[in-house]
Each structure stands twice: as structure tokens, then as C-alpha cells.
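Hi,

Here is the structure I promised to pass on.

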Amino acid sequence: PQCPPPFPTLHTCQGLAPCLPEEGQVNTSGPRLLLATLHPASGSSAAMDRIFSALLLSLLLLLQSYGVCGAPPQPRGTLCRTKPTDLVFVIDSSRSVRPHEFEKVKVFMSRVIEGLDVGPNSTRVGVINYASAVKNEFSLKTYQTKAGLLQAVRRIEPLSTGTMTGLAIQFAISRAFSDSEGARVRSPNFNKVAIVVTDGRPQDGVQDVSARARAAGIEIFAIGVGRVDMHTLRQIASEPLDDHVDYVESYSVIEKLTHKFQEAFCVVSDLCATGDHDCEQICISTPGAYKCACKEGFTLNSDGKTCSACSSGSGSALDLVFLIDGSKSVRPENFELVKKFINQIVDSLEVSDKQAQVGLVQYSSSVRQEFPLGQFKNKKDIKAAVKKMAYMEKGTMTGQALKYLIDSSFSIINGARPGVPKVGIVFTDGRSQDYITDAAKKAKDLGFRMFAVGVGNAVEDELREIASEPVAEHYFYTADFRTISKIGKKLQMKICIEEDPCECKSIVKFQTKVEDLINSLQQ
């Protein structure tokens, strides 16, 4: 018999307008993969654990779908409301911001607004436009609907003169956040937030005026673009700076920050703790949602909430090769974090001659096989080899690495098994210095399942070219090694090739183990 149809994709609503539930309802339609984005600088090891263990463990959940069936834990409800906020955008439109770049800023503002609960008793939004002078585009009291705000943002035009950032922040304190402009009295029940976007060095002072704004209870996020002065951003922003200072290399990618702010304004509830669920055995909380799971020896039925007893089953065979960017832009401290998340994935695999085999290749200006498929027969030896991997620290020849994957890594002489699914996970943080199109196409034509994971300055067009179809399920990007507290996960099961659906016991156990790990990392 066939398995149940591919189960509904888990998505955690982080303020995205399409998945905001109506009053008294929940919405579980449609996939959502959420990646918050920040400045690609080095940061805490714990934050990196959270980012990439969750990200690539999610990928491995997809990989584990080969040859198994059944319904693993799946979402049964969502709840995401934005906390009432007085939000003011402070937008630099000086002459260094070209008209088409300013349009990107407007798109960014619109996307953030789309994820808010807008109204007189929920979130109010104002926009300050500044250059040499300050223009109050609209105040907190001007528009009380999302549609009105979005139309007003579309009408904003750049001022195209100097860069008086300090003057703009002073205007926010004295005017934008005043009672007369619709600001509410300071209260624990709602937030006062300013998002400052700038691309240059200010022509006036920002340190003192920013300190006064923060003392007045205004939480300030500082976003820098291009050649912005990072010291200025740190003077503007609230503490902790890691959460309030963001950088993007150009206006063309500022939209990547959207999810961070949608996430920041989202208030979620623990539906398992409140008992608002219909799981027969185990309820697992996720940010703003829950999903059902089963106890040891049971598998989740196709309804996503009841469980059936299982006979024992076995995991599926898989040849998995990591293709890791070791170029100098990664930096040594981040390379150590990359090795750590590889080992966390290895911990979640069933490694043996008949199940998962793991290979590792590092590339920079050249390609180096760290170890081939099948060289190590257990997780302990694989993890030890990963820890010993030395950082190459040169260029970024992704095309050459992909060709090596095709010609060598998945060859029988290097341990690949005939008839076993081949999966490649390509990790990179920059633009390839060689041509990737032919090799990327050949890998997919040969039936290899390719996942592309990009960080920082990775080129999204290249990542999409590497990723298998459907690209949305095989392509992941984040702008930062440091701080992403929550991400969405995408899980999809394939058609069963076993007679007994309970042969899926191993994938259910794998899913539960991964979910527990992700939850503990988030905590």
C-alpha cells in the first residue's frame, strides 16, 4: 500500500502576513521557511550552534525520506500575534542612496509592515525620511490600517542631500514619539521601537542623542548598508548590540532582514502547555505552533494526531557527502563552528555499511578530500576526523569542487554504493571564482540530490543553480554566522516502498531526536 500523502509542511508563523490567523482561528496552510539575517561577523558559539544545527538537521530530515514512509510529527496549529508597538522607521535618503536603492528600502519597510497587526489598539507605524533636513512622511496616528500604510510607503520620495542622522533621531524623540503625533504613554504593555537605516557616515553627532532616545524607553535597531561606519551604528543601537546592529553589503539584499523584524515583533503562545491541542500521546511545542509525536514503539498516523503500534523497522541507506567551503573569508573561528554542526548532524544519523555513509570534502583554491564514503564505520571515528580537518584558507573554487564531487566523491572506488541515493550538501560563504553551471547541472542530471547552504556574501543565484528541484526545499541562506534564534523547518515524506507502514519506526525516532535537539539548542 502507498504511504499517506506528503504530510503538511511545518511552518512557524513569525509574523508573516499570509500565516497570521484570523480571530479565533489557526492557519496551517502552506510552507514557510524562515531565516533571519544579520551582519556576517563572528559571534558566539552557542548562537552558531542554534543556527546551523537547526538548519542542517532540518535538511537531514529531508534526506531521511529515502525509502521510508509514515507521518512524523507535524504541525497541528499556529498562533502568532505581534505585540502592540509604536514603530517609527528613520530612513536615510541622502544623495549616496540612489533612487533604485531607495525603492529597496521601501520594499523592506513594506514587508515588515505586512507582518504586523496594525490598528489603533495594536501596532502604529510612522516614517521619518531624512537627508540634510528631516521630513515627517507620516506619524503614528496618520494611518490605522495596513493598506493605508503600504500605500503611503509607496509614495515616499528620496530627499537626495546630506546625512544628518543625529538630527533625525532628535526629531524622533521630540516629535515622532510625542503624544500629539499618536505615541502612547510608556507602558510594559507595548514597545516603542525605532529602526534606523543608513548607508554613510553622519554629518552630525549621534552618540548623545541616541543615548537620550534609549533613556526615553525607545528601543533602537541600527541597519547599515555598504560603506556605512560601523562605529556609528553601535553608538545608535540599543543593547545587546548583537541583536540591534545589522549590516548588509548592499541595498539589493536589505530585504533579507525582513524576517528578523517580523520575528522580533511576534508574540507566541505554548499551545501544549495550555492544553490547546489534540495529540493522542505527545505534544511538542514550537514557536507559535505545536505538533504531535508518539511514544517509543508507536508511529504517527496520517491524521497527524493519533498513534499506532509498530513492529521494528530499519533506516534507509544513504551516501552523504559534505562539500565545505574553506576559503579565507570564512575565518578560522567560524570554520570551527562549521565543523561542529557537521558533527551534530553525524550524531543524528544511523551510520553503518547498510545505512548512512558520510564523506567530507573541503575546497578553496583547490579541492581536498578529507575522507571518502565508507572509510569510517561509526559516528565516533567520523566526528574525530571532522575535528582534525585543517582550514585551507584560500580562494573559492566552487565549480571545481562540484566537479570533484561528481567524478570522485560519488564513485565506487571512493566508497559509493550502487543503487543507494546520493546526497550532497554544499556549504559556501562567497561568490565562486570559477564557473559552476555545467557541474551543478551534471550533478542533478546524474540523480544526485543537492542541497545548497549559503552564508554571508554567498551569491543566491549560484546557490539556486546548485540546488535540486524543487529549489525551495533544497536551498537555504542566512546572512549571519551568529544569531538566528528560530528558523522554520520543511519536512516532506516520499512514497513508501515497504509493505508495512510501521517500517517507518526509525524515521519517527530520528525525527523525535532531531526535534529534541533543536528545542534544546533554542533554549
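Angles under 35 degrees count as roughly parallel, over 145 as roughly antiparallel, 65 to 115 as roughly perpendicular, and the rest as oblique. Axes are lines fitted to C-alpha atoms, for helices over the stretch in contact, and angles run from 0 to 180 degrees between N-to-C directions. This is a predicted model: local features need pLDDT of at least 70, side-chain atom pairs count only at pLDDT 80 or more, and totals for chains, interfaces and linings use all residues. Residues are numbered from 1 along each chain as its sequence is written, and side-chain values use heavy atoms, with hydrogens and water left out.

Helix pairs first. Helices (H or I, at least four residues) and strands (E, at least two) are DSSP runs, numbered from the N terminus. Helix H4 (residues 165–176) meets helix H5 (residues 207–215) at about 20 degrees, with the axes 9 Å apart. H4 and H5 are therefore roughly parallel. In the contact (heavy atoms within 4.5 Å), H4 uses Gly 166, Ile 169, Gln 170 and Ile 173, and H5 uses Val 209, Ser 210, Arg 212 and Ala 213. That makes four nonpolar, three polar and one charged. Here Ala, Val, Leu, Ile, Met, Phe, Trp, Tyr, Cys and Pro count as nonpolar, Asp, Glu, Lys and Arg as charged, and the others, Gly among them, as polar.

Helix H10 (residues 332–347) and helix H11 (residues 379–388) cross at roughly 175 degrees, their axes coming within 9 Å. H10 and H11 are therefore roughly antiparallel. H10 brings Lys 339, Ile 342, Asn 343, Val 346 and Asp 347 to the contact; H11 brings Lys 379, Ile 382, Lys 383, Val 386 and Lys 387.

Now the cores. A nonpolar core is a set of buried Ala, Val, Leu, Ile, Met, Phe, Trp, Tyr and Cys residues joined through side-chain atoms within 4.5 Å. Buried means under 20% relative accessible area, exposed over 50%, partly exposed in between (1.4 Å probe, protein chains only). The largest core has 33 residues; Phe 89, Phe 108, Ile 195, Val 197 and Phe 261 touch the most other members. Elements supplying at least two residues each include strand S3 (85–92), helix H2 (99–114) and strand S6 (191–198). H2 gives the most, with six. A second, separate core of 30 residues includes Phe 335, Ile 342, Ile 345 and Val 346.

Best wishes
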